[in-house]
Amino acid sequence: KNEAGAIADYTKAIELNPQYQFGYYNRGNAEQNLNDYTNASSDYDKAIQLNPQDTAVYLNRGNTRYRLSDYSRAVADFDKAIELNPKYDKAYNSRAAAKNHLNDFTGAILDCNKAIEVNPKYAEAYNNRGTAKRGLKDYDGAISDYNRAIEINPNYTKALTNRAEVQ
């Protein structure tokens, strides 16, 4: 995919219609794909100004903030996505990952539980819950969650690596 070309096209669309929320959102996605998290976050800011009810934009801005190691602000974005859609499994899982970085392992487990409740086959949520349990030194619980993640997705290298580090 030609992300630079996509960014140029979205930029032109925004120039033609500065109120085009999807132009900012999609350009932010293209920038995020190029690891340009600062510009992606700025585009998501504008998309949120234009449509503050779009849960996907909060999730993506939270993900960019996570990649910038701004975990507290990432949690705030995931909070807003969940407020707008209480069944948003990806937002719960992403918030759990950010909470793990903030050493809020209990909060991360609660978020993973909710993501798994919404989507029982969510391998990443089991992996993140395993990481939280590992942070609480519940190594058997961590291995159990890593095993479940691998059972769902046998090619999930992160869960395989995490399990190997705990065994």
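1. Leaving aside residues up to four places away in sequence, Asp-111 touches Tyr-92, Arg-95, Ala-96 and Lys-99 (contact means heavy atoms within 4.5 Å). Please keep in mind that this is a predicted model, where local features need pLDDT of at least 70, side-chain atom pairs count only at pLDDT 80 or more, and totals for chains, interfaces and linings use all residues. Residues are numbered from 1 along each chain as its sequence is written, and side-chain values use heavy atoms, with hydrogens and water left out.

2. Asp-111 sits in helix H7, residues 105-118 (helices are DSSP runs of H or I with at least four residues, numbered from the N terminus). Asp-111 counts as buried because its relative accessibility is 4% (buried means under 20% relative accessible area, with a 1.4 Å probe and protein chains only).

3. Two side chains make polar contacts with the side chain of Asp-111: Arg-95 at 2.6 Å and Lys-99 at 3.1 Å. A polar contact here is a pair of N or O atoms within 3.5 Å, one able to donate a hydrogen and the other to accept it.

4. Now to the helix pair. The axes of H5 (residues 71-84) and H6 (residues 89-101) come within 9 Å and cross at roughly 160° (axes are lines fitted to C-alpha atoms over the stretch in contact, and angles run from 0 to 180 degrees between N-to-C directions). H5 and H6 are therefore roughly antiparallel, a term for angles over 145 degrees.

5. Among the residues that meet are Tyr-71, Phe-78 and Ile-82 in H5, and Tyr-92, Arg-95 and Lys-99 in H6.

Note on methods:
Helix = DSSP H or I, 4+ residues; strand = E, 2+ residues; numbered from the N terminus. Parallel < 35°, antiparallel > 145°, perpendicular 65-115°, else oblique. Buried < 20%, exposed > 50% of the residue type's maximum accessible area, 1.4 Å probe, protein only.
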